[in-house]
Amino acid sequence: MSELPKCPECGSEYTYQDRDMYVCPECAHEWSMNDSAVDEKIIRDANGSVLVDGDSVTVIKDLKVKGSSLVVKVGTKVRNIRLVDGDHDIDCKLDGIGAMKLKSEFVKKV
């Protein structure tokens, strides 16, 4: 028996083939056999520029740091970002604050 791909939505290993489609019985997601490769998510900044690991970005809005009285000011330059999955899709280190996660909608590429 051939190895079927896992569901790209929920990661279930119980997928099955129905004609030219793959189907997940757990979440009911269907996808084409031609689209079996999971597409990589493209992360864009506030202006629509594509971001990649190692880019430098600038903060475009004052951001309050949750659980602290610190604020990341407009114009703060962040170097060597790392892209991750999730709601906050940028990992970085800020001077005076330390490790932090940012949303790509609040930065622009330098």
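Tyr22 is buried, because its relative accessible area is 10%; buried means under 20% relative accessible area, exposed over 50%, and partly exposed in between, with a 1.4 Å probe and protein chains only. Trp31, with a relative accessible area of 6%, is buried too. This is a predicted model, in which local features need pLDDT of at least 70 and side-chain atom pairs count only at pLDDT 80 or more, while totals for chains, interfaces and linings use all residues. Residues are numbered from 1 along each chain as its sequence is written, and side-chain values use heavy atoms, with hydrogens and water left out.

A search of the whole structure finds 1 aromatic pair. The ring centres of Tyr22 and Trp31 lie 5.7 Å apart and their planes meet at 45°, so the pair is tilted. Rings of Phe, Tyr and Trp (its six-membered ring) pair if their centres lie within 6.5 Å; planes under 30 degrees apart count as stacked, over 60 as edge-to-face and the rest as tilted.

Thr58 belongs to strand β4; strands (E, at least two residues) are DSSP runs, numbered from the N terminus, as are helices (H or I, at least four). Thr58 counts as buried because its relative accessibility is 15%. Leaving aside residues up to four places away in sequence, Thr58 touches Gly75, Thr76, Lys77, Phe106, Val107, Lys108 and Val110, where contact means heavy atoms within 4.5 Å.

Val52 is placed in the loop between β3 (30-32) and β4 (57-59). Its relative accessibility is 42%, so Val52 counts as partly exposed.
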